[in-house]
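Hello,

Here is the structure I said I would pass on. My notes follow below it.

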Amino acid sequence: MDLKTKLEQLFEENHKQIGRTGDLDELNQIRVNLLGKKGPITEVLRGMKDLSADERPKVGAFANQIKSDLQDAIAARKAALEQAVIQKKLAQETIDVTLPGDQVIAGTPHILAQIMDDVETYFIGQGYQVIDGPEVEEDHYNFEMLNIPKDHPARDMQDTFYLDSQLLMRSQTSPVQARTMEIHDFTQGPLKMISPGRVYRRDTDDATHSHQFHQIEGLVIDKHITMADLKGTLLALAQHVFGADRQIRLRPSFFPFTEPSVEVDVSCFRCNGAGCPICKYSGWIEVLGAGMVHPNVLNAAGVDADAYGGFAFGLGPDRFAMLKYGIDDIRSFYQGDVRFLSQFQQEG
Ligand code: FA5
């Protein structure tokens, strides 16, 4: 076979192969095999030395033309394959902007946390400190410092979880007042504090009782504090939580750590005092306990009861939330049912 026919054949075979390949690596391999130093074209060019002087330039020009055509074919195929890769990638990355977006469900603080935050923020604005205390408490602070010695019948008012003879799960937030009074330096000014937190009682769970619930304790100790200060403080609190039109009334009660002691009712925010199922047709709803701090409690904490006095109150945020939002079962707060809890989106 003469060189020209050989070159034509080479062109035919390889041009077809270049057109057929769908793979960039394979195309590169074809290029190396075909045009490389040991490739068939170089081989043909080497054979030109045996040609006559007349034929050599013709075959040389033809060989160069074949080589150049094949190079062009490889470059064109390479460009087409690279373009195909880009198109494939673009197709995979296509975003359908008409698809509905994923719904992001934002959490919200628990309704009890919201009520407690609100009451805390309110009292901070009135110059009160917020003070924490331990939930595992000593009998000494939970009862004895609060004028409830061992075997005193008042202990029956709060059925308590004991851990041993001295340690218990606190049954009220009042021990925090005892702890704080004991260390407060009254020469530096009055004591105004609230203490929010969890408390525990051996109450049987039902719609209005939980064995674990929350309280917010309030305490003010200074010279010349009167029952009028207590009443004004609680009226302003009731109006803040339950609405500006609310009134309060104090009824005599008993707590060992306050004397006199009162139960505080707020005028019904549903019926405005006219009578409805929420206030059991009395026009009033009981919301908290309070009183003037008993001199025995002041003395036990080392505070001079002749020079200082004050008031204290203890409210149940669980009951506040039930009243405010018309929730009829306290257990709803503790069951973690998102359908219930997500109703109370935080405002603002
Ligand atoms: C006390 O615990 C007093 N330490 C409050 C106090 C403080 C009075 C300072 C005077 C001065 P009492 O046992 O009434 O009081 O509880 C206070 C509030 O806790 C109640 O008004 C009620 O809202 C809430 N509470 C009591 N027991 C439960 C319970 N088992 N489940 C849910 N809330 C309760």
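In which helix does Glu-12 lie? Glu-12 is found in helix 1, where a helix is a DSSP run of H or I with at least four residues, a strand is a run of E with at least two, and numbering starts from the N terminus.

This is a predicted model, in which local features need pLDDT of at least 70, side-chain atom pairs count only at pLDDT 80 or more, and totals for chains, interfaces and linings use all residues. Residues are numbered from 1 along each chain as its sequence is written, and side-chain values use heavy atoms, without hydrogens and water.

Strand 4 (residues 191-200) is largely enclosed by the rest of the structure, because eight of its ten residues are buried. Buried means under 20% relative accessible area, exposed means over 50%, and partly exposed is in between (1.4 Å probe, protein chains only).

Strand 4 has pairing partners; two strands pair if DSSP finds at least two bridges between them. Strand 1 (residues 129-130) runs parallel to strand 4 and is joined to it by two bridges. Strand 5 (residues 212-222) runs antiparallel to strand 4, with ten bridges between them. Met-193 has Leu-219 in strand 5 as its bridge partner.

Back to single residues. Glu-12 counts as partly exposed because its relative accessibility is 45%. Leu-167 belongs to strand 3 (residues 167-169), and Leu-167 also counts as partly exposed because its relative accessibility is 30%.

Regards
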